Amino acid sequence: MTDEPIVPTRSRGKIQADVREELDAWIDERAAELIGEGTSPENAREQARREFGDAAATERYCAGQDTAADRRIRVRIWLEEFFADMRIAARTLARTPTIAVVVLLTFGIGVGATTAVFSAIHSLLLRPLPYPDENAVVQIPSVTNGEIGPGAQLSATALVALRERTTSFSAVGGAGWGGYALVENGEPEVVSGGRVTANMFDVLGTRAAIGRTLIAGDDSSGAAPVVVLSHGLWQRRFGGDSSIVGRTIDLSGAMRTVVGVMPPRFRLPTMEETEIWVPLDLAPVLRDVNRAQRFRFMRLFAREKPGVTHDAARADVDRTMLALAKEFPASFEGIGATVRSVRTAVVGDTSARLLVLMGAAAFVLLIACANIAGLLLARALSRRHETTVRIALGAGRRRLIRQFLAEGAVLSLSGGAIGLAIAALGVAALRRITVSSVPDGTTFAIEPQVLAFAMVITAAGGLLFSLVPAFAATRGAHTTLRQREGSGATSRSQARMRLGLITGQLAVSVALLVAAGLFLRSMHRLTTLDLGYSTERILTFDVGLPLSRYGTAAKQDIFWDALHEQLRAVPGVVAVGSAGNLPLGGGAGASLSIEGRIVEGERPPESRYASVSDDYFETLGIPLVRGRMFSSIDHDDGPNVVIISNTLAKRFWPAGDPIGVRVKIGPDPSVPWSTIIGVVGDVRFGAAGEYMPTVYASARQDHWGGGAVLVRTAGDPVALTAGVRDAVKRVDPILPIANVQTLDQYRDATQVVADRRLQLQLMLVFAIAALLLSAIGVYGTSAYSVEARRREFGIRMALGAPRSRVLMLALRDGARAAVIGVLLGVPLSLLLASQLRELLFQVQPFDPATVAVVLAVLGLVVLAASVGPARRATRVDPVRAMRSD
Amino acid sequence: MTNPSERLQGTVDVLILRTVAWKPMHGYAIAAFVRDRSRGELTVEGAALYQGLHRLERKGLIRSKWGTSETGRKVRIYDLTATGRAQLAAEADSWKRYATAVTRVLAPGSGKP
């Protein structure tokens, strides 16, 4: 009885042979039976074969089944052996913990940094917008001088024209800003609201979570006043009361019925701070032809009809705007519009910047991989001797490579796990530090796509970690039996490779550090930029005067005078001023007509415009250049007066005196003339804008019904917040004030500054990661190199070389590599910086000071990292070193 | 209703399982066993038999090894695995219910159960 088991893995030929043998046995048995029954032997075999059935088909079928079974077993065996290899690899790594820890940390940092940034990018760029079928939703921003205007706003006439004369859109809606005083359920608060055409929700497509959105007719004159609330406001002020629909609430003195609440993530695109939406009745604006054409107060959004492309829509819009410019040149000359997807509008051009950061993250990952590859390579090369022997003793090359793969798998999986942990920490940190810089509602979280991305990197890393050392160790193994580790040619090429990697790492680190340095300087320049006025020690807040109680100019004047007086009386207050709007907010625009300089058909010059209190200039530290400031003699019944800024004066009266000249502000020709009584210094608009020509009117003559109040203090402005609030209450106990902050805080919160801060923070993370990794890399390489050259150092010292010489020898190669790396890094940094040129503020891509600082810092780090191992070189015991062969 | 060739395959499969459950044996012996036990009613064709055997082995319900037959020939001997044992119980059960149901429908008499 020869009982042998079927060998688990058989070749194709063997499988077929086995099947054939088995089927033949059946035929033999049957033939034997037939012979026993009397059939002749030849006939018996024939008959048995016939009785069997289709032998050829059966053979094929059985062989197929066996092959499939065989394959499964092969795979199972391979996996079992692979896991066994992984366990062995883990044990081996545990015996040299330094390398393992270094690799894990390095890979972890690399994966962590890239994943964190990727998740930020994913959140910011790819997050789904709350508009169903968002590809059809577009913004129609205004275009002046070839660029999208900062406000991107258009007038009512433009909206009507785009509605009636284009064929690309199923709906075109407009949205303007409004501030509303909400006195319901607690502290009076000014809520930012959107005044929207009733079809705006049709444009965006989002349905209400409770109740309804606005419907056609809500925005016609005489319709019942309604309002739609945001989810956030509903939770915050109304406690998520489910019976909110149908309730009437008091908004700035007018009652409105709540008809619906929007779902949690809904925002009005580009107007994300608005929390309530009221219908916008265009009829009154359209009745006044001038206002209809020139008052650009709305952002327009539209929904493209199915099948319409952005390009087609754009052409349609262009045509309409050109037609308008022909019909009403005075209002529309030079004003165009374009079409951009709502995603581009919302995400803005941050995409380009974030991609740059992604590039930086990739650099860091590259450094990390270079580090690790270097270390593992070194290790593999030193084990070449052992590997060679094993191959000579019969170990299959594939088997060895599988062992390297197992080691790579262990390293990359554990490193990847660490990386994910670091990424989670990084994302949490990002969330905290960017809370002011990113659009509300962005949640940084590790999404499935991000996780998949991390796994891909991990897998790629794993392959790299296994294959590079694998091939290095087994290449030409059969010929290198004679060579021993640390001897002659191999050690030199090993050393060259290691040093090459260090050089590369340092070059990339230089580039990243320089970029970070440039960002730092940009940030500094931005925050210390001279705006033309002082932002130090000034507290500011907004007020809106409800028409119900402040319907007349006289009542408003009384309020402002009382407010200024009360505020000045607060101890610690140095000066008080107010204005309809502040330069940091961008200011309002108006056209200016100068008496004696009107040319028929020509567009009047544009300038910034503000209505300010008497002490406004003094409070902000804006100097008076000529003439006088506003005072109480400029009252409502008296002649209209204005003050202009220096650039305006220089532009139109380069040699003369503007004082006494008469001008008109705004598009309405029936407005009376105003006389220029003074010239003041210029201010920048926005946090980083240009000095702009500005016209100021006195608040006593142009009543805006609200605005910003500025309180200059002797000490810390924040400390006086309570005092300021009390002062306001003394004048009007139920008047809400909003946005109480210092002017510095306001500046820091503007988009320009906040954007940069985010970039800076992210770039710093990378630069520091790169620095850390380079330090680790340098340390690891020097340690390894010293270890490899033990014998050499031992011999030298035995032959009488002084310690200092050994030290220098140990440092020499590393220092040379470092210098080369750093020198390579400078042009690389120039390359990187020139790519980032648009993100820099008043800083040149090649900034010698920054480069010098970076080189110094890096030099110190490299020195520190290599000193440790180098000193160990001097402590080598010569006798032991020579014996450890 | 399972289609006829599946039902046929299933029949061969369950017969094989039942046979090797009683005693490990090689293909020819299995066919002989079935023929004898069914008193000549069921003859399994060689092709169908071996296709069934290899299919069941791929599914892990039976396993094989080389051995010698009573006549001294080198043959492949099949044996039941634990999974096969469980499958056999399920299949036999299902078959019995099927047979009973068919018999009941075919029984003479009124339509009453």
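Reader: How many salt bridges are there between chain A and chain B?
Author: This is a predicted model, in which local features need pLDDT of at least 70, side-chain atom pairs count only at pLDDT 80 or more, and totals for chains, interfaces and linings use all residues. Side-chain values use heavy atoms, without hydrogens and water. A salt bridge is a side-chain nitrogen of Lys or Arg within 4 Å of a carboxyl oxygen of Asp or Glu, and one of those here joins Glu21(A) to Lys74(B), with the closest N and O atoms 3.9 Å apart. Between chain A and chain B the count is four salt bridges.

Reader: Which element gives the most to the side of chain A that touches chain B?
Author: Helices (H or I, at least four residues) and strands (E, at least two) are DSSP runs, numbered from the N terminus. Those giving two or more residues to this side are strand E1 (4-5), helix H1 (12-36), helix H2 (41-52) and helix H3 (55-95) of chain A. The most, twelve residues, comes from H1(A).

Reader: What area do chain A and chain B bury between them?
Author: Contact, meaning heavy atoms within 4.5 Å, takes 31 residues from chain A and 26 residues from chain B. Buried area is the accessible area (1.4 Å probe) that two parts lose on being put together, summed over both. With 52% of it on carbon and sulfur atoms, the area buried between chain A and chain B is about 2600 Å².

Note on methods
Residues are numbered from 1 along each chain as its sequence is written. Chains are lettered from A and ligands numbered from 1 in the order in which they are written.
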